[in-house]
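Biologist: Before we go through this structure together, could you show it to me and tell me what counts as a contact?

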Amino acid sequence: MKTKRLNYGQAIHAALAHAMEKDPAVFLMGIGVDDHKAVFGTTKGFVGRFGRKRVFDTPISEGAMTGIAVGAALGGMKPVHIHIRADFLYLAMDQLINNAAKWSAMSGGRASVPLVIRAVIGRSWGQGAQHSQSPQSLLMNVPGLKVAMPTTPADAQGLLLAAIEDPNPVVLLEHRLLYDIVGDVPDPPVAVPFGRAVVRRAGSDLTIVAGAHMAIESLKAAEFLAKHGVSAEIVDPVTLVPLDRAGILHSLAKTGRLLVVDSGWTTCGASAEIAALAAEQGFDSLTAPVRRLGMQPTVCPVSKPLEQAFYPSAKTIAAEAFSMLGRAFPDAPAPELTNAFKGPF
Amino acid sequence: MKTRTARTLADNDLALYRLMLKIRLAEERIVALYPSDKIQSPVHLSVGQEAVAAGVCLALATDDHLHGTYRGHGVYIAKGGDLGRMFAELYGKDTGCARGRGGSMHLAAPEVGLVGCSAIVAGLIPVATGDALAAQMQGSPRVVCSFFGDGAVDEGVFYESVNFAVLKGLPIVYVCENNGYAIHSRVPDRHKQTDLFRLTEGLGLRGSRHDGNDARVVFKTMSRAVAAARRGKGPVLLEYMTNRWHEHVGPGTDFQEAYRHPKDRTRAAQNDPLRIMEAALKRRGAARLDAVAAEIGREIDAAVAFAESSPFPPVESLLAGLYAESR
């Protein structure tokens, strides 16, 4: 397979271009998709290439625009609705939960909603309470939606293509801090099936289940842990619905210890679901209690020291792992948060 | 595009009458059956409002789409949905139009253009608007009707959707069936501007109000709106004034309740859409209406028998259909 080196945003751009060239029913809508910023470059040049009818800015009406995307999907089109901040999805929840998620089952299978929603988790620095949220657990709670959190450029490209080909509503959550990651992606793009966890690093002492930006932080933690004699296996679910339960349990059976790290809150969160999976189906494998890390149970602050304490990081992940193994945190400089972000958005 | 063959005026009035009578008699049958508890689904009846559904749907071609509400028996029947599958759906049977998953509030008959019905007030207004966007993008001749009650204009998505439809000149007709009450709340208790058809003027949507108890008026005004939308003239809003004879949900009437206007009962009786059409047809010496009623009665008998004799969905199918299979 031929590959290309692209960053996360470029990989998304390549997937969209590929899908739009292949299928005239695919179109892009969302605030700013046609402006000079082009949603972090992911829709750059598309107005000229595919025309204003297939690439259009929308009124700032997330509720109705989501319903309009649902209706367009029912009417035979394949909309990709793009939100530059995932927080804006909360305005769209009625349409997402009451219509998109339910249509197939509620109509007795008469129709389904081939809708793709791309939403960017805005964490970078200082984005505050309403520009940084990670809504994955809320979406996981609703039967009928599919939820993906691509980590690498290859994931982003492959999952986006799979989402566009899927006859069901799919939400892709793209973490802002992943946009600078560069990686090899297939050229031309190919769809990556949902429901397959990826082992980002093999290990034997504990399993760390972490996705998206938390997978990147966990990999750094694992490197640090390895230097100090702890072998961590990093399992990235990649898609949360469907969730690769077997893949997670397989790793747990190997290591006997499970730490779940999520970019969202822990209460009723994605991490709670994965911990419950271990309790219900992996109990015999566990040699220690499951631990979880996520955002602190408060709103995201702007002030830098508070913000750093709010999120899990390579350092806190490593600390949790040492603690699970009954080891003291070594006297060595801990890994820093990877963040090439320079602002403002 | 399937279009209806040209009808004479008398034929057309008879067709409207037939649709209205079918809605009326089907709902009267639901009322009669309800105490048996065989229909375990909340029913929102449209008795008294039949002229709106009949006039609107007869003005649409079969391939035109309509998105309805939980008060959906009328549009389901008038759009041409199969009556047996409707009763089966009310009974929760596997042969229902939504295989027993939807019930009374989520009727769907995509084969005749009824895309679906929603139990969320205004929930399908944006969906209908998106369907019209799809029609425009595809260059399809279909027109979409967004059908909703007066309560729906309280919701924000109504205005957001209208704004987008006007902006893009979408082939959609917004039909507001104003029966005066959102559940038990009167229009003047919810809006300073009670001419609901004027609410969207500032957004650039043309609106007009019409008698919703005379199916001929509904048909004529709707036909004009559909033709304009099909010609690319963009959306309009039609408000039809009518009366709800039953309680918001359930088989009973509640004219005696305090929320009702004391004149509601007489107003309803004096504006019975069936009597209005009957009088018109009789003046013209049209066909024997008794025979029409008998024929519809037999159709309803058959529909109920179909529902009663149909199986429930197998329990093993509980989780099926949540996601559509990849094509």
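Modeller: Two residues are in contact if their C-beta atoms, placed from the backbone, lie within 7 Å. Please keep in mind that this is a predicted model.

Biologist: With that cut-off, how many residues of domain 1 of chain A are in contact with domain 2 of chain A?

Modeller: The domain assignment of chain A gives domain 1 as 3–186 and domain 2 as 198–324, and the centres of these two domains, taken over C-alpha atoms, are separated by 26 Å. Domain 2 of chain A brings 20 residues to the contact, and the number from domain 1 of chain A is 22.

Biologist: Which elements give two or more residues to the side of domain 1 of chain A that touches domain 2 of chain A?

Modeller: By class, that side of domain 1 of chain A divides into 12 nonpolar, eight polar and two charged residues. The elements that give two or more residues to it are α7 (136–140), β6 (146–148) and α8 (153–165) of chain A.

Biologist: Are α1(A) and α8(A) roughly parallel or roughly antiparallel to each other?

Modeller: Helix α1 (residues 8–22) of chain A packs on α8(A) with the axes 8 Å apart and at an angle of about 25°, and the crossing is right-handed. The residues of this contact, among them A:Ala15 in α1(A) and A:Leu161 in α8(A), divide into 12 nonpolar, two polar and no charged. Angles under 35 degrees count as roughly parallel, and α1(A) and α8(A) are therefore roughly parallel.

Biologist: Turning to the contact of the two chains, which element gives the most to the side of chain A that touches chain B?

Modeller: The contact takes 34 residues from chain A and 36 residues from chain B. On the side of chain A, at least two residues each come from α4 (62–74), α5 (93–100) and α6 (103–106), and by class that side has 14 nonpolar, 16 polar and four charged residues. The element that gives the most, with nine residues, is α4(A).

Biologist: In chain B, which strands stand at the edges of the open sheet of six strands?

Modeller: The order of this sheet is β2-β1-β3-β4-β8-β7 (chain B), with parallel pairing, and the twist averages 20° from one strand to the next. An edge strand has a single partner strand, so one side of it is left without a neighbour in the sheet, and the strands in that position are β2 (114–118) and β7 (207–211) of chain B.

Biologist: What is the bridge partner of B:Gly207 in β8(B)?

Modeller: Five bridges join β7(B) to β8 (residues 236–241) of chain B, and these strands run parallel. The bridge partner of B:Gly207 in β8(B) is B:Leu237.

Methods. Residues numbered from 1 in each chain as written. Chains lettered and ligands numbered in written order. Predicted model: local features only at pLDDT ≥ 70, side-chain atom pairs only at ≥ 80, totals over all residues. Helix = DSSP H or I, 4+ residues; strand = E, 2+ residues; numbered from the N terminus. Nonpolar A, V, L, I, M, F, W, Y, C, P; charged D, E, K, R; others polar. Domains from an automatic or database assignment. Pairing = 2+ DSSP bridges. Axes fitted to C-alpha atoms, helices over the stretch in contact; angles between N-to-C directions. Parallel < 35°, antiparallel > 145°, perpendicular 65-115°, else oblique. Left-handed = near helix turned anticlockwise from the far one by under 90°.
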